[in-house]
Amino acid sequence: MKKKINPYEICVKQFNKVADKLELEPGIREFLIKPKRQLIVSVPVEMDDGSYKVFDGYRVQHNIARGPAKGGIRYHQNVTLDEVKALATWMTWKCAVVNVPYGGAKGGITCDPTKMSAREIERLTRRYTAEISIIIGPEKDIPAPDVNTNAQTMSWIMDTYSVLKGYSVPGVVTGKPLFIGGSLGRDAATGRGVMYVVREAVKCLGLQLNDMKVVVQGFGNVGSNAALLLEEIGCKIIGICDVYGAVYNKKGIDIKKAVDFVRSTGKVVGLPDTEPIDPAEFLSLECDILVPAALEGQITKDNADKIQAKIIAEGANGPTTPEADEILFDRGIFVIPDILANAGGVSVSYFEWVQDLMAHYWTEEEVNSKLEKIMKDAFKQVYDSATAQKTSMRDAAYMLAVARVAEATRIRGIYP
Ligand code: NAD
């Protein structure tokens, strides 16, 4: 039987490699890899049929040396403490790469929301919020959406937290609807960030964007927005997929139509003017750019040698295992790592939080141009360092991030 991939083991491996390269002192090394705080909660929920179910929930704050903890909340049947620890750790590095003043956190509930009603999900969210309210807050730890959570989920969290406090606290979460203090541009921000770094990579590699063939795995918030925006700058999206199946059209898929279709049917399969293809073959489709935007552990040593893309932009967190990473590097495939490629989401979350704290809101143009600057600057720093040191973009991004968090830790010192 195939061993299940443990994201936290991957995360520690990635860190150790970079800690060696940076020759981090042993104490700092241990301090940086261990999560600061791990909260496990039982979340009792009354189901629609009157029965009670108790779900396992988690909130992990990995590191807060550079600012309050920040990270999404995931609802999925495979959520484990180790997965949440990995995602929280990646958040720390991601915030450091794009230099937003946050530490890293993540939360999750082990549940299958596709089998629950909207009211059950609301009760689950409100009780989970009450349970983790002891460690979250605008100056402590600010959740956001992740897989299977969205602006509605954030509204329930914001409302529950505000009820517990006795006043409205919009800054407790980001990714909220505009009506209650959300930011223009947040919904598409992660996909937009993916588009910006792909555009930079294409320039640096001396390629042409026009008619570049793109394959996108996962068609939720990140995948669909990345596809829409890459289409807008001239790419041709030839394959999209979701958890239910995959579709293909070598002449290009109309992504706006695909978004409408998925909104009404819930799936990509059946989209007019496409043919269904075997999801197992999906990642090895002939293309120029591959955007994994689903879950972790998708590109492994078993399929890395079959990938035909020139560029991989990791919209998802942790889609590539370290073994696969080495294969891709040896094959000369340009990988834009998750902690850089998908950092557009946390960057605009940071803008949302700043706007909430100021109670003063920006236009979408302001948000997008600030995001573009952050992504371009971070890409340049990572690319220049990767080129100078002849390393992968992932190693260069990690070196930058870990060095920043290590320095913040040294400067702050250790209490008492
Ligand atoms: P989402 O729930 O909106 O969408 C997930 C998509 O992946 C859906 O289309 C789902 O059907 C598909 N999917 C799930 N399992 C799959 C599988 N085994 N094979 C193919 N497709 C599968 O989630 P999202 O917010 O778009 O997040 C996707 C990834 O991006 C996650 O790794 C998440 O951590 C990461 N991410 C999200 C954000 C954000 O702002 N939402 C920011 C940074 C990183």
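How many residues of the shell around the ligand are nonpolar, how many polar and how many charged?

## The ligand's shell

The shell divides into ten nonpolar, eight polar and five charged residues. Here Ala, Val, Leu, Ile, Met, Phe, Trp, Tyr, Cys and Pro count as nonpolar, Asp, Glu, Lys and Arg as charged, and the others, Gly among them, as polar. Keep in mind that this is a predicted model, where local features need pLDDT of at least 70, side-chain atom pairs count only at pLDDT 80 or more, and totals for chains, interfaces and linings use all residues. Residues are numbered from 1 along each chain as its sequence is written, and side-chain values use heavy atoms, with hydrogens and water left out.

Of the 23 residues around the ligand, Asp146, Asn148, Thr190, Asn221 and Asn317 come nearest; a residue is near if one of its heavy atoms lies within 4 Å. Two elements, α7 (221–232) and β7 (236–242), each supply at least two shell residues. Such helices (H or I, at least four residues) and strands (E, at least two) are DSSP runs, numbered from the N terminus.

## Polar contacts and burial

Now for some polar contacts, meaning pairs of N or O atoms within 3.5 Å. A polar side-chain atom of Arg74 sits 3.0 Å from a ligand oxygen. Asn221 has a polar backbone atom 2.9 Å from an oxygen atom of the ligand, and for a backbone N or O atom of Ala294 the distance to a ligand oxygen is 3.0 Å. The protein buries 85% of the 840 Å² that the ligand exposes when taken alone (Shrake-Rupley method, 1.4 Å probe).

## Two domains

The chain has domain 1 (7–15 + 22–171) and domain 2 (189–341), with bounds from an automatic or database domain assignment. Their C-alpha centres are 26 Å apart, and their contact (heavy atoms within 4.5 Å) takes 16 residues from domain 1 and 13 residues from domain 2. Each domain also gives at least three residues to the shell around the ligand.

Most residues other than glycine have a negative phi, and most peptide bonds are trans. Asp273 isn't a glycine, yet its phi is positive, about 65°. You'll find Asp273 in the loop between α8 (255–265) and β9 (275–277).

What kind of peptide bond joins Tyr415 and Pro416? It's a cis bond, with omega about 0°. Pro416 is in the segment after α14 (393–412).

How values were computed: Polar contact = N/O pair within 3.5 Å; in protein donor to acceptor, adjacent residues only side chain to side chain.
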